[in-house]
Amino acid sequence: MGDYAKALGAKLRGIRQQQGLSLHGVEQKSGGRWKAVVVGSYERGDRAVTVQKLAELADFYGVPVVELLPEGRVPSGAEPATKIVINLERLQQLPAEKVGPLARYAATIQSQRGDYNGKVLSIRTEDLRSLAIIYDMTPGELTEQLIDWGVLPPEARPAKEE
């Protein structure tokens with residue numbers, strides 16, 4: 001199996017472990033529907049999983065199917081750069097009515113991480129997606145807005161393919 005199967009397996013393993021389940025725990029909780037050896041082979045990328053089985057596993061774990069998929073190929077311009085570093089000093093200079101949700105989100109992440117250097121904060125692409133929903137924008141549009149505000153550097157723009 002290829003890299004995609006291994007990446008998919010890693011996502012499956014991560015979801016299972018987040019739920020505190022062992023492979024045998026999955027078999028027990030599912031009443032034997034999901035055999036430990038089969039789930040383990042999916043997680044190692046040794047066995048191909050059909051779309052139907054993946055949907056059933058997602059249902060069993062109680063997560064959207066998309067959460068089980070590895071980061072995929074995305075059309076250019078649709079997604080922000082992978083490393084997103086917010087300039088917290090600039091963020092504090094902007095009016096709260098503009099940046100309130102972002103400032104609260106950043107403060108929450110800082111609190112969770114115990115990271116109070118106050119200058120910059122790295123966030124994940126998933127964080128930017130969540131913020132985009134709050135701002136009612138696409139992640140790409142929010143990236144542009146944050147660049148305009150000076151919170152992100154221009155280099156944060158995703159590379160455009162030609």
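The buried residues of helix H1 are covered by elements that include helix H2 (23-29), helix H3 (36-44) and helix H4 (51-61). The model is predicted.

**Helix H1: length and end**
- Just after H1, Gly20 adopts a positive phi of about 70°.

**Helix H1: buried and exposed residues**
- Ala5, Leu8, Gly9, Leu12, Ile15 and Arg16 are the buried residues of H1.
- These residues lie on the same side of H1 because they cover an arc of only 125° around the axis.
- Asp3 and Gln18 are exposed residues on the face of H1 turned away from its buried side.

**The chain as a whole**
- Eight helices and two strands make up the secondary structure elements of the protein chain.
- Along the sequence, these elements follow the pattern α-α-α-α-β-α-α-β-α-α.
- The protein chain has 162 residues, of which 37% count as buried.

**Contacts and surface**
- Among contacts in the protein chain with a separation of 6 or more, 60% are between residues 24 or more positions apart.
- The protein chain has an accessible surface of about 9800 Å².
- Carbon and sulfur atoms account for 52% of that accessible surface.

Terms used. Residues numbered from 1 in each chain as written. Predicted model: local features only at pLDDT ≥ 70, side-chain atom pairs only at ≥ 80, totals over all residues. Heavy atoms only, no water. Buried < 20%, exposed > 50% of the residue type's maximum accessible area, 1.4 Å probe, protein only. Helix = DSSP H or I, 4+ residues; strand = E, 2+ residues; numbered from the N terminus. Arc of directions from axis to C-beta. Contact = heavy atoms within 4.5 Å. Areas by Shrake-Rupley, 256 points an atom, 1.4 Å probe, with all protein chains shown as cover.
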